[in-house]
Amino acid sequence: MSVNLPVPSVTADYAQRVADDLSANRGEQERVRTELARLQDDLVRLEESEQVLTQMQKVLGGTSKRTAKQSKSRKTAAVPAARRSNGKAAAGKQAAATGRKAPKKAASTKKPGEPTWLELTTAYLGGQSEPKSAAEVSDALTEAHPERTVQVTVVRNTLEQGVAQGLLERSKQGRSVFYSLATTATAPSDS
C-alpha cells in the first residue's frame, strides 16, 4: 500500500532543510572571515618581525642571499593598505598608535677586522663537549671579549642564524633550548 504524503508537508520539509543549510553556510562564512582576519593580522606581524630580523641580520654582519631572494620573489597576500607596513613612516605611526617608541637601529660595536658574532659563537661552541644555552654562550662571550657589548638577545638571534645556515644544531629539553656545533658544520660564510 502506497502512502501519499501531502504535498505541503514535503515542500515545508525541503524549505526547512534549505533554510537550515543556508544558516549553516552563513555561519561557516562568518567563521572563515574571522579566521581570515586573524591570519591577515598574523601575516602583518610576521612581516614586521621579518623586517626587524633582517635589520638585525645586517647588523650582525651576515645577510643571506637566499633570504633576500625569497623576500623579493614572494607574493604578498592581499592585505588592506591601512594595515600594510611601509617602512619607517609606518613603523613610527604604528608605534605612536600603540604607545611604544619606534625601534632605533642598533649601533654595531664590531670594529673592522673583528670576528662576527656568528664566528665567535661557532668558535665557542666548537670547543664545548655539550650543548649550551644562549645565556651560557652570552656569559662566555662576555668573559672572553670584555671590549664588546654582549646582549643575550643578539647572541640568541646569532645562534638561530647559525641553525638556519646549518652551522649549529638546536635541541630542546623541556622549555630550555640548547645549541651545539652541527656535526657537518663548516666555517661560517660572510655571504
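The following is a conversation about a predicted model of one protein.

Biologist: What does the secondary structure of the protein come to?

Modeller: The predicted model has 6 helices and 2 strands. Read from the N terminus, the elements run α-α-α-α-α-α-β-β.

Biologist: And how many residues are there, and what share is buried?

Modeller: The protein has 191 residues, and buried residues make up 21% of them. The exposed surface comes to about 13,900 Å², with carbon and sulfur atoms supplying 55% of that area.

Biologist: Let us turn to the core. Which residues have the most contacts inside the largest nonpolar core?

Modeller: They are Trp 117, Leu 125, Val 137, Leu 141, Val 155 and Leu 159, in a core of 15 residues. Helices H4, H5 and H6 each supply at least two residues of this core. H4 gives the most, with 4 residues.

Biologist: Which residues does Val 155 touch?

Modeller: Leaving aside residues up to four places away in sequence, Val 155 touches Thr 121, Ala 134, Val 137, Ser 138, Leu 141 and Val 150.

Biologist: Several of those residues belong to H5. Which residues of H5 are buried?

Modeller: In H5, which spans residues 134-144, the buried residues are Ala 134, Val 137, Ser 138, Ala 140 and Leu 141. They lie on the same side of the helix because they cover an arc of only 165° around the axis of H5. On the other side of H5, Asp 139 and Glu 143 are exposed.

Biologist: Why would residues three or four places apart point the same way?

Modeller: An α-helix has 3.6 residues a turn, so residues at that spacing point the same way.

Biologist: What do the buried residues of H5 pack against?

Modeller: They pack against helix H4 (117-126), helix H6 (152-164) and strand S2 (176-181).

Biologist: Which residues of S2 are the bridge partners of Glu 169 and Arg 170?

Modeller: Glu 169 has Ser 180 as its bridge partner, and Arg 170 has Tyr 179.

Biologist: A change of topic: how many salt bridges does the structure hold?

Modeller: The structure holds 7 salt bridges. One of them joins the side chains of Glu 35 and Arg 38, at 2.6 Å from N to O.

Biologist: How many residues apart are Glu 35 and Arg 38 in H1?

Modeller: They are 3 residues apart in helix H1 (residues 7-60), so about one helical turn separates them. Glu 35 is partly exposed, with a relative accessible area of 32%. Arg 38 is also partly exposed, its relative accessible area being 41%.

Biologist: Where do Glu 114 and Arg 148 lie?

Modeller: Their side chains meet in a salt bridge of 3.7 Å, N to O. Glu 114 lies in the loop between helix H3 (87-98) and H4, and Arg 148 in the loop between H5 and H6, so the pair ties together parts that are 34 residues apart in sequence.

Biologist: Are Glu 114 and Arg 148 buried or exposed?

Modeller: Both Glu 114 and Arg 148 are buried.

Biologist: With which residue does Lys 132 form a salt bridge?

Modeller: Lys 132 forms a salt bridge with Glu 130, and the closest N and O atoms are 3.9 Å apart. Lys 132 is buried, with a relative accessible area of 14%, whereas Glu 130 is partly exposed at 48%.

Biologist: Which residues do salt bridges that share partners join into one network?

Modeller: The network consists of Glu 35, Arg 38, Asp 42 and Arg 45.

How values were computed. Residues are numbered from 1 along each chain as its sequence is written. This is a predicted model: local features need pLDDT of at least 70, side-chain atom pairs count only at pLDDT 80 or more; totals for chains, interfaces and linings use all residues. Side-chain values use heavy atoms; hydrogens and water are left out. Buried means under 20% relative accessible area, exposed over 50%, partly exposed in between (1.4 Å probe, protein chains only). The arc is that of the directions from the helix axis to the C-beta atoms. Contact means heavy atoms within 4.5 Å. A nonpolar core is a set of buried Ala, Val, Leu, Ile, Met, Phe, Trp, Tyr and Cys residues joined through side-chain atoms within 4.5 Å. Two strands pair if DSSP finds at least two bridges between them. Accessible areas come from the Shrake-Rupley method with a 1.4 Å probe; for residues, only the protein chains shown count as cover. A salt bridge is a side-chain nitrogen of Lys or Arg within 4 Å of a carboxyl oxygen of Asp or Glu.
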